[in-house]
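Here's a friendly tour of one protein chain. Have a look at the model first, then read on.

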Amino acid sequence: MCGRYSASRRPEDLAGIFEVEKWEPEETLEPDYNVAPTKEVYAVLDRPLKDADDPRPVRQLRTLKWGLVPSWSKTPEGGARMINARAETVHEKPSYRRAFTSRRCILPADGYYEWVTGTQERELEVEGKKKRPRKQPYFVTPADGSVFAMAGLYEFWRDRTLPDDHPQAWWVTCSVITTEAEQSPLAVAPAEGPRALADIHPRMPLMLTPDRWDAWLDPSRTDADELRELLAPPPAGLMRAYPVATAVSNVRNNGPDLLKELEGPEEGTLF
C-alpha cells in the first residue's frame, strides 16, 4: 500500500521534469517530508484549460487532496479511506473505473515510507503475548535519485450544500495506484534487513518510468484493456530502501531529517 510519502521538490523543478505547460504560483506547496492522507499534494495531469477556447489537453501541475471522492458520492467522508487503488482491479471497481479511463495523473514523490514489524515483536505476537508491535519504518526511493512518479487517478466532487461561486464548491481528489511489491533484489539494500521490497510490505505504489508518462496522462486513451497494459510493474532493480527514524510514524513530525538514513534499525525494531 501507500499510506505516507515524501514530496519535497519545488514546483518549478517538477514543471521541468514533466514538461508542464501550466501551473499556478499561488498554489505552491511547502516541501512535505511526511505526506499523509487528506493533505494537499502535487499532481501532474493533461486536461484542457478551464474557460479556454482551445480544447487541446494541456500538461498541468495542480494541487489535489489525497483521498479520492467519487463524483457520485453523497458526502466526502469516505475519501480518507480511498487513498489507494489496486492495479489488478482499478478498471472494474465502481469508485475508480470512470477515473481510470478518463482522469489519470502522476503524483510526484521523493519516495514512500513503509513499516516492518520487528523480529522480537513478531515473536511476541506468535507467543500470544499482548504487546503493541513496534515497527521499523523504511524509506523506499529510486536508487538513482530520480523522481518517484506514482500512477494516480483524480476525480471531481461537487459539494451541493454550497453555492456555485463558493471556493470550496468543488473538490478535486486523488488516489495512488498500487501493485504487488517486487520480490527481486533491491538495487541498494540496507546492511541488515529486507533484501527486496516484498520483504517490507506485499504492496507498493506503481511507479511509472518516463517512457510511460505521456501515454498514461493522455486523456484520449480510454480503452481499459490498453490502459491496463500501462500498469505493468517497472523494471526490477531500480529501487533502494533504508531504515529511518521512527519519528516519521507521527504525522505531526516533518522536515528533511525524516529522510536521514540510519546505520541500522532502531533498538527494539530489529528486522
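## One bridge to start with

Strand S1, covering residues 5-7, and strand S8, covering residues 111-117, have two bridges between them and pair in the antiparallel sense. Do keep in mind that what you're looking at is a predicted model.

So where does this pair belong? S1 and S8 sit in an open sheet of five strands, ordered S3-S1-S8-S9-S13, with antiparallel pairing. At the edges you'll find strand S3 (32-35) and strand S13 (239-243), each of which pairs on one side only. Going from one strand to the next, the twist averages 25 degrees.

## The whole chain

Now zoom out. The chain has five helices and 13 strands. Its radius of gyration is 19 Å, close to the 18 Å that the globule rule gives for 271 residues, so the chain is as compact as a globular protein of that length. Along its principal axes, the C-alpha trace spans about 65 × 40 × 35 Å.

How much of the chain is buried? Of its 271 residues, 48% count as buried. The chain exposes about 13800 Å², and 49% of that comes from carbon and sulfur atoms. Contacts reach across the sequence, too: among those between residues at least 6 apart, 72% join residues at least 24 apart.

## A strand tucked away

S10 has antiparallel partners to look for. Strand S7 (residues 104-109) pairs with S10 over six bridges, and alanine 109 stands opposite phenylalanine 148. Strand S11 (residues 170-180) also runs antiparallel to S10, joined by seven bridges. One spot to check is tryptophan 157, whose bridge partner in S11 is tryptophan 171.

## Two residues in strand S5

Is arginine 59 buried or exposed? Arginine 59 is in strand S5, residues 58-66, and its relative accessibility is 9%, under the 20% cut-off, so this residue counts as buried. Its side chain makes a polar contact with the side chain of aspartate 214, at 2.9 Å. Leaving aside neighbours within four places in sequence, arginine 59 is also in contact with several others, including Phe18, Val44 and Leu217.

Lysine 65 lies in strand S5 as well. This lysine has 25% relative accessibility, so it counts as partly exposed. Which residue's backbone oxygen lies 3.5 Å from a polar atom of the lysine 65 side chain? That's threonine 38. Glutamate 40 is 25 residues away along the chain, yet its C-alpha atom is separated from that of lysine 65 by 4.5 Å. Not counting residues up to four places away in sequence, lysine 65 touches Thr38, Lys39, Glu40, Trp171, Val172, Thr173 and Cys174.

How values were computed. Residues are numbered from 1 along each chain as its sequence is written. This is a predicted model: local features need pLDDT of at least 70, side-chain atom pairs count only at pLDDT 80 or more; totals for chains, interfaces and linings use all residues. Side-chain values use heavy atoms; hydrogens and water are left out. Two strands pair if DSSP finds at least two bridges between them. Helices (H or I, at least four residues) and strands (E, at least two) are DSSP runs, numbered from the N terminus. Axes are lines fitted to C-alpha atoms, for helices over the stretch in contact, and angles run from 0 to 180 degrees between N-to-C directions. The radius of gyration is taken over C-alpha atoms; the globule rule is 2.2 Å times the number of residues to the power 0.38. Buried means under 20% relative accessible area, exposed over 50%, partly exposed in between (1.4 Å probe, protein chains only). Contact means heavy atoms within 4.5 Å. Accessible areas come from the Shrake-Rupley method with a 1.4 Å probe; for residues, only the protein chains shown count as cover. A polar contact is a pair of N or O atoms within 3.5 Å; within protein, one must be able to donate a hydrogen and the other to accept it, and residues adjacent in sequence count only if both atoms are side-chain atoms.
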